[in-house]
Amino acid sequence: MENKLEPVIGLEIHIQLNTETKLFCKCKNEYGATPNTHICPVCLGYPGALPVLNEEAVRLALKVALALHADIHKLSRFYRKNYFYPDLPKGYQITQYTESLATGGYIEIETSKGYKRIRLERMNIEEEAAKSIHTDTGEVLLDYNRSGIPLLEMVTLPDMNSPEEARTFLEKLRLILRYLEVSECDMEKGELRVDANISLRKPGEKLGVKVELKNLNSFKSVYDGLNHEIERQKKILQGGGTVIQETRLWDEYKKETRTMRVKEEAHDYRYFPEPDLPPLVVRDTEIEELKKTLPELPDEKLKRFVSQYNIGKDQARILSLNKNLADYFERAAQVAEDKRLLANWINVEILGYLNENNLGIQEFRIHAEELGEFLNYVSRGKLSYNMAKDIFKKTLYNEESLKHLLEEALSSTISSQELEKIINKVLEENQELVEKFRNGKTGVLGALIGKVMKETRGRADARKVKEILESKIGSPKT
Amino acid sequence: MEIDVKKIMKLAKLKFNENEELQIKKHFQKMLKLVEKLKSIDVTGVDPLYYPHDRTYLRRRKDKQGKGLERYEVLENAPDTFTDYIKAPSPLKGIKKK
């Protein structure tokens, strides 16, 4: 296909850093407080007020830079980005510009074509603007609680070639930021915000004209918005037209993108070094200290789980997608003998229950150690998987004690002699099924297992029943 | 260097009449002349001076909450308010919110 067009996508991301106070003043950094209650002369831009940098914001930003393999600059500088807008009453935003906190770095994502590195261009620390609410009457209502909250701005290189890759990148980034405890990245609260640059080109040719896409308020918006924009640009280009450089808004209700502003006279922010703030100097010792505090990151954890516990990669991945869940697994694994059974149990039984009830693992009633012990009854063959499942469900939904139900079940478990007797009886009564099986209709085995299970009133382990049945009937004639 | 006063007015969100514009242009030209003069000095080997002080690095403060302003104090000073908010003319002229 000669006409095939390839999307080229770069992202600009803003992350609110999870500090106690704002970037340059001692006001509380809190979402959802009564409007205009966390404000002071600094974040209101009163004349003469001076900014003082929050050490925690620097620490969190450096953690991200380290985790994403970026080059941290020993000296970076703050600049004033000048523009008049009511959400920034000083008339400028304090941000970083040519001398960034960090440059380079990457996040590795898994795509349908294998692993791919999405490179980062730069990371800057900057201050957040106030929250504006636009009214129907053409006015704007301002809440300065948000003004001055620390942001980490991150710009990627245009290394993504599909909306899927953009979404995967963001999911990975969010996971890492949560592991680092830098931000919860709740997009609904604006803790993570994304703008996308998107253009199309024939593979190998130079980059096409790009469109900046805004108002992407969820991962789904990023994905849907990019898909729609790709289709729109494709139509234009295939019809012989040209894409104009502009900013477009994604409308998730109408499922379309529309012009926000066509490239007006280029922005003229008249950047200049912030005279109130000397350069930000980061020392080697500081970086070394920080390195020691970095947690194990999701990729490392996944690899370790596979090698240390010998569990499947898919299971390890699900566990590593949530740090608390991974911790739960590891605590239970101290006790549980069969780690694969444990991983599977957590992924199927526990995650199923948590998702259904919209709970987090922290709110889960059964302790990791208790689960480990419980599952040992299964791995030692004292309790069938299905019985264990039933007991587990009863415990969760009827709030009965796991220990009590377990004891009850163990006392009523069928003995192997009794099971043997039942199986013999079933085989005798179903000679024609046995014949069918021997003649190659192996599907009838299920029916036989069912009959045995019915006779035992579910007290037997279906896997064990299957094993015994097979050994008794022998293999089908081929 | 030609001075585009109209652009400066736009960036600063200020309005002037023709007379004032001319005055401002003259002012700017004077300033630029001074800058041109400064530019003629040979500064090879001299580091740029970014800040009017000797601090070589930025001090950082502890991430601890301190007292700010009371809401009523701030709202009292605002030209216009609506409930807990400060109200301002919309900067998005011509864009009506649906």
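A crossover is right-handed if, with the strands pointing away from the viewer, the path from the first strand over the helix to the second runs clockwise. In this predicted model, strand 14 of chain A, helix 3 (residues 219-238) of chain A and strand 15 of chain A form a β-α-β unit that is left-handed. Helices (H or I, at least four residues) and strands (E, at least two) are DSSP runs, numbered from the N terminus.

| Strands of chain A | Sense | Bridges |
|---|---|---|
| Strand 13 (residues 192-201) and strand 14 (residues 211-216) | antiparallel | 4 bridges |
| Strand 14 and strand 15 (residues 246-251) | parallel | 4 bridges |

Leu213(A) in strand 14 of chain A is the bridge partner of Ala196(A), and Thr247(A) in strand 15 of chain A is that of Glu212(A).

Helix 6 (residues 313-320) of chain A packs on helix 8 (residues 339-356) of chain A at an angle of about 55 degrees, with the axes 10 Å apart. Helix 6 of chain A is therefore oblique to helix 8 of chain A; angles under 35 degrees count as roughly parallel, over 145 as roughly antiparallel, 65 to 115 as roughly perpendicular and the rest as oblique. Contact (heavy atoms within 4.5 Å) involves Gln315(A), Ile318(A) and Leu319(A) of helix 6 of chain A, and residues of helix 8 of chain A including Arg340(A) and Leu351(A).

Local features need pLDDT of at least 70, and side-chain atom pairs count only at pLDDT 80 or more. Residues are numbered from 1 along each chain as its sequence is written, and chains are lettered from A in the order in which they are written.

Key. Side-chain values use heavy atoms; hydrogens and water are left out. Axes are lines fitted to C-alpha atoms, for helices over the stretch in contact, and angles run from 0 to 180 degrees between N-to-C directions. Two strands pair if DSSP finds at least two bridges between them.
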